[in-house]
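Subject: Structure handover

Dear colleague,

Please find the structure below. My notes on what was found in it follow.

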Amino acid sequence: MLADGDWEGLREQTERLADSPVEAISLKARRMLALCLARSTERTDHQEAAAIYRDLDKNSIAQASDIAGLANVLIALGDYAAAKAAVLSGMAAFPGNADGFIAIGHRIVEATGDLPFRDRLSPSSVGGRTS
């Protein structure tokens, strides 16, 4: 389905599986649903994707890709303050993925002109340390 670019078909399937009583299936389905919603052009879909990603983070089951997805959806929503917080928390929680979070952060800087935030995106900031 995904290989064919059938995002709508994948979305329908993941919506059905998101409430599965099998936790592993439900978790994977929610991640895929958030990804499908994030690819949408609809604001309400982006808001729903952000809610799913936040829920994963709140329950301490988020992966680096979930936090990156959250940051990207927040950028699409124009919520740059929350996107910055997601980038910084992602860098701290997943230092091995810092380069990806830094790239997302630079998109925020490009959109907002926030130079102090840019300074916080250095590799020495990983783990919560600021330069």
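The face of helix H6 turned away from its buried side carries Asp99 and Glu110, both exposed. Here exposed means over 50% relative accessible area, buried under 20%, and partly exposed in between (1.4 Å probe, protein chains only). Helices are DSSP runs of H or I with at least four residues, numbered from the N terminus.

This is a predicted model, in which local features need pLDDT of at least 70 and side-chain atom pairs count only at pLDDT 80 or more, while totals for chains, interfaces and linings use all residues. Residues are numbered from 1 along each chain as its sequence is written, and side-chain values use heavy atoms, with hydrogens and water left out.

On confidence: pLDDT is the predictor's confidence in each residue, from 0 to 100. The protein chain averages 90, and 90% of the residues score at least 70. Among the elements of the chain, H4 has the highest mean pLDDT (98) and helix H1 (residues 7-17) the lowest (86).

Back to H6. The buried residues of this helix are Ala98, Phe101, Ile102, Ile104, Gly105, Ile108 and Val109. They cover an arc of only 160° around the axis, so they sit on the same side of H6; the arc is that of the directions from the helix axis to the C-beta atoms. Their cover includes helices H4 (64-77), H5 (80-93) and H7 (115-119), where contact means heavy atoms within 4.5 Å. The 15 residues of H6 (residues 98-112) should span 21 Å at 1.5 Å a residue, and the end C-alpha atoms are 21 Å apart, which agrees. That expected span is 1.5 Å times one less than the number of residues. Just after H6, glycine 113 has a positive phi of about 75°.

The structure holds seven salt bridges, each a side-chain nitrogen of Lys or Arg within 4 Å of a carboxyl oxygen of Asp or Glu. One of them joins aspartate 114 to lysine 84 (2.3 Å, N to O). Aspartate 114 is in the loop between H6 and H7 and lysine 84 is in H5, so the pair ties together parts 30 residues apart in sequence. Aspartate 114 is buried, at 18% relative accessible area, and lysine 84 is buried at 19%.

Another salt bridge pairs arginine 11 with aspartate 45, with 3.1 Å between the closest N and O atoms. Arginine 11 lies in H1 and aspartate 45 in helix H3 (residues 43-58), 34 residues apart. Both are buried.

Regards

Note on methods: Helices (H or I, at least four residues) and strands (E, at least two) are DSSP runs, numbered from the N terminus.
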